[in-house]
Amino acid sequence: MSEFTSAFRRSFRRLTWHGGRPSPRPGGAKGRAAEKAGIERSISVEEKKPEQEASRYSAQSFFEYLVVVSLKKSGAAYEPQIAYQFPKRENLMRSQKEEEENLLKAIPLFCFPDCNTWAPLTEYESETFSFVLTKMDGSRKFGYCRRLLPRGGGARLPEVFCIISCLGCFGLFSQILDEVEKRRQISLAVIYPFMQGLREAAFPAPGKTVSVKSFIPESGTEIIKLTRPSDSRLEHVDFSSLFKHLSEENVIQIFASLLLERRLIFLAEELSILSQCIHGIAALLYPFTWQHTFIPVLPKVMVDIVCSPTPFVVGVQRQFLEQLQELPIEECLMVDLHSGTFLKTVGDEHDILPHKLYKELLNALQNQRKANQSSQELNDMVTNTFVLFFIKIVGHYSAHLKQNGNETTFQERQFRKSVTSKSIRRFLKTFMVTQMFSLFVQELQGQPCSQEGFFEQKIKEHQENRNKVK
């Protein structure tokens, strides 16, 4: 193992455990109860009033760093290295400097998780993908990457422009990377004034637009308008890639496995497909959030993380399948996005969800495939379909929140027993001991009773529609 790889693994451990410290997964409700006290909140969907949203984002800049990662010869192989970093931060405190060093050591192998398989090329179609680094406190940094072949003649190696941000908005950063690539074909020097202008601009609130001026030689000054999607819950997601590569039935079985916090491995040939599909499948969990290891693009040197006994969602390039199959992997669901099939299963994926709700999900998703929908229409339809599933499972939670002075208590036993459907009660018995349900309850107990978000609005709409039918 090279010195570079060893350093990467050390920094990676400090950055990528998602949702708290890794530990063996306890069995049964008793073990889960012990976990509840130690859960560290990771990332969640934040629902605020428009004026709160505006103030929240007005002080945030688009990104922390832009780094250029290139491949350098190291013996018979190549190693990815940061060729340029913008901006260079100075006068950092010791803890900040250590955090930055760990981050900068980790970034290169996420940009080139397949670094040893490259050779100089004369043609290469640029590729956009993303990765997520999660610190021990649960906070995330997103890496938005554009891998491209630099301008020049003859065979040459690709390079990656990677934007590191605390903000999850894949579509918006893809647009920014389009501008970066356009300038790269002129000169590296043209990129940095654009990025400086972007750095000085405030990140827009949902549905708002920010304009960035940029000068390009021979073209003059351009004004680039960057508009953030109005629905902040889905701005890092496009479900079209997910349903292009997987059948509706397989999507539901993957969703069911996530709800039980199992181990999931996704395989694809392209990094863009891996990151898009994995972010898409995780978004189906709303209003819940995946609380464990979450690595949409797993570098080859870290493939042995799939031997972990704890829950995880990871993406691995298909060229490493043989290496993957040689590892002592515990029970998991292995999904091949190239063929749209399962390479490994637990065996009960079809039976996890209540049968009636499984059929309702399947019919709704199959009907959408027949319709010629735009990307936004598909996102809305898929979101509403899975939100309706959760309304039928946990939509009655507010009736079991008891206020005692300033404290709110969730009555779990009564919550489950109040459900008339035996199949839903059986499912809840298993689901209610997961970390994602524990966090959901913690948030219910911590928020003001008057707070109403997207999920609560949908519950109210569902109840009103049922009353109209009656």
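Predicted model: local features only at pLDDT ≥ 70, side-chain atom pairs only at ≥ 80, totals over all residues.

Visitor: Where does alanine 119 lie relative to leucine 71 in sequence and in space?

Guide: Along the sequence, alanine 119 and leucine 71 are 48 residues apart, and in space their C-alpha atoms are 9.7 Å apart.

Visitor: What does the chain as a whole look like in terms of helices and strands?

Guide: The chain has 16 helices and 14 strands. Of its 470 residues, 52% are buried. Taking contacts between residues at least 6 apart in sequence, 66% join residues at least 24 apart.

Visitor: Why is serine 275 called buried?

Guide: Its relative accessibility is 1%, and buried means under 20%, so serine 275 counts as buried. Serine 275 belongs to helix α9 (residues 271–283). Beyond its neighbours within four places in sequence, serine 275 is in contact with Phe129, Ser130 and Pro296.

Visitor: And what makes phenylalanine 243 count as buried?

Guide: Here the relative accessibility is 4%. The cut-off for buried is under 20%, so phenylalanine 243 counts as buried. You will find phenylalanine 243 in helix α7 (residues 239–245). Not counting residues up to four places away in sequence, phenylalanine 243 touches Glu248, Val251, Leu365, Gln368, Arg369 and Val382. Phenylalanine 243 and cysteine 277 are 34 residues apart in sequence, with 8.5 Å between their C-alpha atoms.

Visitor: How do you know that the span of helix α8 agrees with its number of residues?

Guide: Helix α8 (residues 248–259) has twelve residues, and at 1.5 Å a residue they should span 16 Å. The expected span is 1.5 Å times one less than the number of residues. The end C-alpha atoms of α8 are 17 Å apart, which agrees.

Visitor: Why is α8 described as mostly covered?

Guide: Eleven of the twelve residues of α8 are buried. Among them are Glu248, Asn250, Gln253 and Ser257, along with Val251, Ile252 and Phe255.

Visitor: Which residues touch the most other members of the largest nonpolar core?

Guide: That core has 96 residues, and the ones touching the most other members are Phe62, Met195, Phe255, Leu259, Phe266, Leu353 and Phe455. Helix α12 (residues 375–394) gives the most to this core, with ten residues. Another core, of 42 residues, lies apart from it, and its members include Ala106, Leu267, Val314 and Phe320. As a general background, nonpolar side chains in soluble globular proteins tend to be buried together.

Visitor: Which residues does phenylalanine 255 contact, leaving aside its neighbours within four places in sequence?

Guide: Phenylalanine 255 is in contact with Leu284, Leu285, Leu353, Leu361, Phe386, Phe389 and Phe390, once those neighbours are left aside.

Visitor: Why are α12 and α14 called roughly perpendicular?

Guide: Helix α12 and helix α14 (residues 422–431) pack at an angle of about 95°, and their axes are 10 Å apart. Angles of 65 to 115 degrees count as roughly perpendicular, so α12 and α14 are given that label. Lys392, Ile393 and Val394 of α12 make the contact with Ile424, Phe427 and Leu428 of α14. These contact residues divide into five nonpolar, no polar and one charged.

Key. Residues numbered from 1 in each chain as written. Heavy atoms only, no water. Helix = DSSP H or I, 4+ residues; strand = E, 2+ residues; numbered from the N terminus. Buried < 20%, exposed > 50% of the residue type's maximum accessible area, 1.4 Å probe, protein only. Contact = heavy atoms within 4.5 Å. Core = buried A, V, L, I, M, F, W, Y, C linked by side-chain atoms within 4.5 Å. Axes fitted to C-alpha atoms, helices over the stretch in contact; angles between N-to-C directions. Parallel < 35°, antiparallel > 145°, perpendicular 65-115°, else oblique. Nonpolar A, V, L, I, M, F, W, Y, C, P; charged D, E, K, R; others polar.
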